[in-house]
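Me: I would like to learn how to read a model like this one. Please take me through it feature by feature.

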Amino acid sequence: MNDGEPIHQIAPPSPFLLALEGRAAWEFVSLVPSLPFLSRAPCGDGHPVLVMPGWLAGDASTRALRWFLRDRGYHAHAWRLGLNRGPTPEVVAGLGERLHSLYARHGRKVSLVGWSLGGIYARELARRLPDMVRQVITLASPFRDPNATSVQRLYRLGIIRQPRTPDPDAEVLRRLRSPLTVPTSALYSKTDGICAWQSCVDEPGPTRENIAIRASHCGIGHHPAALLVIADRLAQPEGTWRPYAAALTDRLLGVGWGH
């Protein structure tokens, strides 16, 4: 990316899409009838996976995802930094320490999975410490434009009262959009009611891909279709990354809808 390239703002999702976020509960419930499909997801080689939650969420929000990854044979780890209240100095330092600890403990590169703001953390952690990271998977993470969200509407409605972190400046935005040197898979939804889907996709490249999921923002981290994609991506032998190809069962659960 050209350092002098202007940063174009992306419009947030419509109020209609925001109103549809309530379906996240049904997406969680759909895990039960989807278990026969999920049980056929590929198992991996047992490497460590660090899972990071979205804004104002904690490790409880990623419990189903981590349970699924452990069932597939991975050492899935929570971030253990409490509620995600933004990129505070404590969070930045804590994530670095967590990655160093897991890398030393397992003696292997760590895959990073981040939901929403957690995906931005995952990308920046991989940017800082690429030799410790195997791949990055983001779930509805607005790294192209963190301002392209419905957060302002939620503040006006009184749903969120947490103080906001300062908006990133143009230099930070350019860095967030810059491609990584490790393989990346960006999962997004065109019906996301919190983050504009255009802000959640990466630049095309030989080890970069964007995968559409028919899901809500608040439900994509436990949506059966997203779990199948994550399992497929993590199961690749290290050093042999390839683009994702959706199977018929994946498409029936909502993978690829929105291309």
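Reply: Start with surface. Accessible areas come from the Shrake-Rupley method with a 1.4 Å probe; for residues, only the protein chains shown count as cover. Here the protein exposes about 11,800 Å², and carbon and sulfur atoms supply 59% of that area. This is a predicted model, in which local features need pLDDT of at least 70, side-chain atom pairs count only at pLDDT 80 or more, and totals for chains, interfaces and linings use all residues. Residues are numbered from 1 along each chain as its sequence is written, and side-chain values use heavy atoms, with hydrogens and water left out.

Me: What is the mean pLDDT of the protein?

Reply: pLDDT is the predictor's confidence in each residue, from 0 to 100. Its mean is 90, and 86% of the residues reach 70 or more. Over residues 1-6, pLDDT stays under 50. Where pLDDT is low, the predicted coordinates should not be read in detail.

Me: How many helices and strands are there in the protein?

Reply: Both are DSSP runs, numbered from the N terminus: helices are H or I with at least four residues, strands are E with at least two. This protein has ten helices and six strands.

Me: Which residues of helix 9 are buried?

Reply: Buried means under 20% relative accessible area, exposed over 50%, partly exposed in between (1.4 Å probe, protein chains only). In helix 9, eleven of the eleven residues are buried, so this helix is largely enclosed by the rest of the structure. They run from Pro224 to Leu234, including Asp232 and Arg233. Across the protein, buried residues make up 52% of the 259.

Me: Which residues touch the most other members of the largest nonpolar core?

Reply: A nonpolar core is a set of buried Ala, Val, Leu, Ile, Met, Phe, Trp, Tyr and Cys residues joined through side-chain atoms within 4.5 Å. The largest has 30 residues, and Leu65, Leu69, Leu139, Leu187, Ile213, Ile220 and Ile230 touch the most other members. Helix 9 gives the largest share, eight residues. Another core, of 24 residues, lies apart from it; Trp79 and Leu99 are among its members.

Me: What does helix 5 pack against?

Reply: Its buried residues, among them Val91, Leu95 and Leu102, pack against strand 1, strand 2, strand 3, helix 6 and strand 4. Just after helix 5, Gly107 takes a positive phi of about 65°.

Definitions and conventions
Contact = heavy atoms within 4.5 Å.
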